[in-house]
Structures are given as structure tokens and as C-alpha cells.
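Dear colleague,

I am passing on the structure we spoke about, and I would be glad if you could look through it with the notes that follow.

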Amino acid sequence: MIERIWSGKSKLYLLLLPLSWLYGLISGLRQFGYRTGLLRSWRAPLPIVVVGNLTAGGNGKTPVVIWLVENLRQQGIHVGVVSRGYGGKSDSYPLILDHNTTTDIAGDEPVLIFQRTGAPVAVAPDRCSAVNSLLSQHALDVIITDDGLQHYALQRDIELVVVDGIRRFGNGWWLPAGPMRERVGRLGSVNAVITNGGQPEHDEIPMVLKPGEAVNLISGERKSVLALPTIVAMAGIGHPPRFFNTLKELGVITCQEYAFSDHQPYSHELLAPLVSAEQTLLMTEKDAVKCRSFANDNWWYLPVNAELPAADAEALLNLITAKIQQYK
């Protein structure tokens, strides 16, 4: 239902407009407070790169963060990552991840970033404290925040906005009548707009999520997803149909598809009944980081990697490296 409302296919959004106007008023007052200095913000002693979005729900931010971390580290740059850690409940913050940190504590996206890249990752509702915590333990050149475009207490040097190229901005209204955290005009003040799928508009950077080989959650074995028998697909991400459509584009025929909510907590009791011993349970990498501790040997995940045009990728990386040099 919420997808129909936010997409403009249902007129029920009209009932929610008063709440949206209130949301917009509060959001506007906060932005005004930070712009005028009425609300305090903090500048870190190194560049801060925000990867965020204007809408609620998954747009592909985390693959962009991973892409940035991996490409910057290839240049010898020391990168840290901070995140809110949605879905995690730690006894204390800030929390610096290690190899024993679970998604129950830190949230799925920070654990995914840490396991995929090996970069230092800190989680806290207050991203300023997360940055300080990282700097107390690591010598870093730049910090990337996964989400946090609207977290104005942390000053930033570069803002990158990721847009779902298919859904775009729905009906254009603020939450809860629409999907918007900020209105579309905010794009005029960011450094770059990265469009995940669909048709990018003028000056937007096109991005595709390219699937790799399927990976077994228990053994780590890799093989073509087309070699897996009788696939049952599941996804607990911001927009599960994106994963199912990716499988169709690869030529995968699924016998069943299960969509879970974003940041869905999983258990063996919940997932094991979805497949028989002869079938394959195929999930996203974001789901997999929550399931490894209790997975069966017929559970696999499909990692994806962000791909940008070479010229745009070079321009983004040069923008960040130039900012790093300004701080030295």
C-alpha cells in the first residue's frame, strides 16, 4: 500500500498531507538553524564525504560507499566509514566494528561494508561522535558516511546523492504522504547525483549494479547463479523487486520469491521452511550478513558491485583526492 501511495497511484496520500507539511516545516526550520548558526554543527579535521539520498528506502547507497572505499584504498588512501547503524541495538555508542560484531548490534549495512572492504567502520546515532571514535584509533585521510545527508550536525565537504532511476521521487511529497526526506530542489546544492538504473537525467551519473558469482554462505564456494538448482529467492532490502528483476535479467527462473522488509531480523526458524533440501535459497549480500551464523548448506547469496562510466568515476575520485590534499 505504501508503495502505491508514494508512487502517486493512490489518492490516499491526500489524507497524509497535513503530516507531510508538518514534516517539511520541521525539516526547513532545522536546515535554517544550521545555516544561520542557531544550531551547532561540527567540522572534522579531515574531509567528510556524504553518500545519501532524498527519499526513504533503499536506493543503492551502500554499493556506492563500497565502490568509493575500494577505489580510494587502491590509491593508497586511508578511508573510514561511519553509519547510523539502522537495525542494530548496541549497549553503547559509538561502536567500532570488529570481526565479532553482529548485525544485531551494528545493523546490516555497516557489517556488510566492514566485511566486504575491511575498512574501519564506526556506528553511532551521532555521526560526529562516530568520526571522533574512528580518529582516536586510526590514522585516516577521509571519512565516508553511509547515509546522513540530513544529519547537518556533521559538516561535510562533498555530498553525493544516489537516486533510484526507476522510482525516482514518487509523488514528490515529504514523508509520510510521499517518500521525500527533502524536496528535489536539494539536488542543486550537491556535488553529484548518481542514478541507480533507469534513465539518468541531465548531469546525472549513471550507475548499474553488476552481479558477481553466487557465494555459498557456509563454504564460501562460488559458482554461476545459473548453475544453482531450483532457486527460491528472498530479499529484505529497501526495494526487493530490484533484486528479483536482477535475477530475471540474468536468466534465472525462480520457483518462489519472498520479499521482507528492510533491516528485517532473520532466524533459522523463519527461513529454513522456505526451501526443501533439493532447492536453493538465494538472497542478497545484505541479507547474508545476518544469516551466516545459522545458515544451511543450500543457502547462497548474490553480491553486486556498483559500476560507473570511467570518466565519471575518475572525476568523482579526483574530486575526493583533491579535497584530501587541501587538508594536508
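Which residue in S4 is the bridge partner of Leu-95? In this model, which is predicted, that partner is Val-123. The strands concerned, S3 and S4 (residues 121–123), run antiparallel and are joined by 2 bridges.

The sheet

These two strands belong to an open sheet of 9 strands with mixed pairing, whose order is S3-S4-S2-S5-S1-S6-S7-S8-S15. The edges are taken by S3 (95–96) and S15 (304–307), and because each of them has a single partner strand, one side of each is left without a neighbour in the sheet.

Helix H3 against helix H10

Two packed helices are described by the angle between their axes and by the distance between those axes. For H3 (residues 61–74) and H10 (residues 310–327), the axes come within 11 Å and cross at roughly 70°; the two helices are therefore roughly perpendicular to each other. On the H3 side the contact is made by Trp-67, Leu-68, Asn-71 and Leu-72, which meet Ala-313, Leu-317, Ile-320 and Thr-321 of H10. Sorted by class, this contact has 6 nonpolar and 2 polar residues, with no charged residues.

Aromatic pairs

The structure holds 4 aromatic pairs, and I describe two of them here. One of the pairs joins Phe-243 and Phe-244, whose ring centres are 6.1 Å apart and whose planes stand at 55°, an arrangement that counts as tilted. Phe-243 has a relative accessibility of 6% and so counts as buried, and Phe-244, at 6% relative accessibility, counts as buried too. Another pair is formed by Phe-294 and Trp-299, with 6.1 Å between the ring centres; their planes lie at 85°, so this pair is edge-to-face. Both Phe-294 and Trp-299 are buried.

How values were computed
Residues numbered from 1 in each chain as written. Predicted model: local features only at pLDDT ≥ 70, side-chain atom pairs only at ≥ 80, totals over all residues. Heavy atoms only, no water. Axes fitted to C-alpha atoms, helices over the stretch in contact; angles between N-to-C directions. Helix = DSSP H or I, 4+ residues; strand = E, 2+ residues; numbered from the N terminus. Parallel < 35°, antiparallel > 145°, perpendicular 65-115°, else oblique. Contact = heavy atoms within 4.5 Å. Nonpolar A, V, L, I, M, F, W, Y, C, P; charged D, E, K, R; others polar. Pairing = 2+ DSSP bridges. Phe/Tyr/Trp six-rings, centres within 6.5 Å; stacked < 30°, edge-to-face > 60°. Buried < 20%, exposed > 50% of the residue type's maximum accessible area, 1.4 Å probe, protein only.
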